[in-house]
Amino acid sequence: MPEATHFISIIIPVYNGSGTIGRCLESVFKSTYPLYECIVVDDRSDDDTLRIARSFDAKIIQLDGHMGAAYARNRGAEAAHGDILLFIDADVTIYPDCLEKVAGLFEENPEISALFGTYDDQPDSSNFLSQYKNLFHHYIHQISREDASTFWTACGAIKRDVFFEVGEFNEETRMMEDIELGYKLKARNHKIRLDKGLLVKHIKRYSFSYLLKSDLFDR
């Protein structure tokens, strides 16, 4: 492993994520990279999310109400100490070398301000909808340009000073605030990299009703 030079703050917003948050945090604390902190922002869950998160050595922020992912990510960023902010979703697991790759990419490419990865090609759930949704997402990222104009918070890292310079996530929206952040970065001539080798595993199980809600009604 190259010498650790960046301190990474991992920020995980979660709402009623008791089915996945434990596996997510287990993967975080198997990281081979030594310089990191983990911040879980609980968006006022009413299931076992908070109890599960507290069983790990993570900093826990509990919001006063259900405010949405953008608000939660911003509060996590404000509490972070790292020079790199790594946003991951509560329904993904990362590989042990994920943080090492993130730190290395910033070290080797000082001109980039942000980067993001992609789902791997081995979805956790075996049902057809989960396989389709995840593999389609993987395919789109794999054929996209590495010089990106958007951002992705399932596994997306950004320099802390740049994040606050462009004004954080838009808390007025409940969807696609990461894409909007990417647009703001590009508008200020910041470089964003899509790294196709930075992989995470999506452990959400999709159902037909969920797809209708997320892909039709919520958008």
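Mentor: Isoleucine 11 stands opposite phenylalanine 87 in E4. Keep in mind that this is a predicted model.

Trainee: In which sense do strand E1 and E4 pair?

Mentor: Take E1 as residues 8-14. Four bridges join E1 to E4. The sense of this pairing is parallel.

Trainee: In which sense do E4 and strand E8 pair?

Mentor: E8 covers residues 155-159. Five bridges link E4 and E8, and the sense is antiparallel.

Trainee: Which residues point the other way from Ile84, Leu86 and Ile88 in E4?

Mentor: In a regular strand, side chains alternate between the two faces of the sheet. Ile84, Leu86 and Ile88 share one direction. Pointing the other way are Leu85 and Phe87.

Trainee: Why is E4 largely enclosed by the rest of the structure?

Mentor: E4 runs over residues 84-88. Buried means under 20% relative accessible area. E4 is largely enclosed because its buried residues number five of the five.

Trainee: Is asparagine 74 buried or exposed?

Mentor: Asparagine 74 lies in helix H3. Beyond four places in sequence, asparagine 74 touches Phe163, Glu168, Phe169 and Glu171. Its relative accessibility is 1%, so asparagine 74 counts as buried.

Note on methods: Residues are numbered from 1 along each chain as its sequence is written. This is a predicted model: local features need pLDDT of at least 70, side-chain atom pairs count only at pLDDT 80 or more; totals for chains, interfaces and linings use all residues. Side-chain values use heavy atoms; hydrogens and water are left out. Helices (H or I, at least four residues) and strands (E, at least two) are DSSP runs, numbered from the N terminus. Buried means under 20% relative accessible area, exposed over 50%, partly exposed in between (1.4 Å probe, protein chains only). Contact means heavy atoms within 4.5 Å. Two strands pair if DSSP finds at least two bridges between them.
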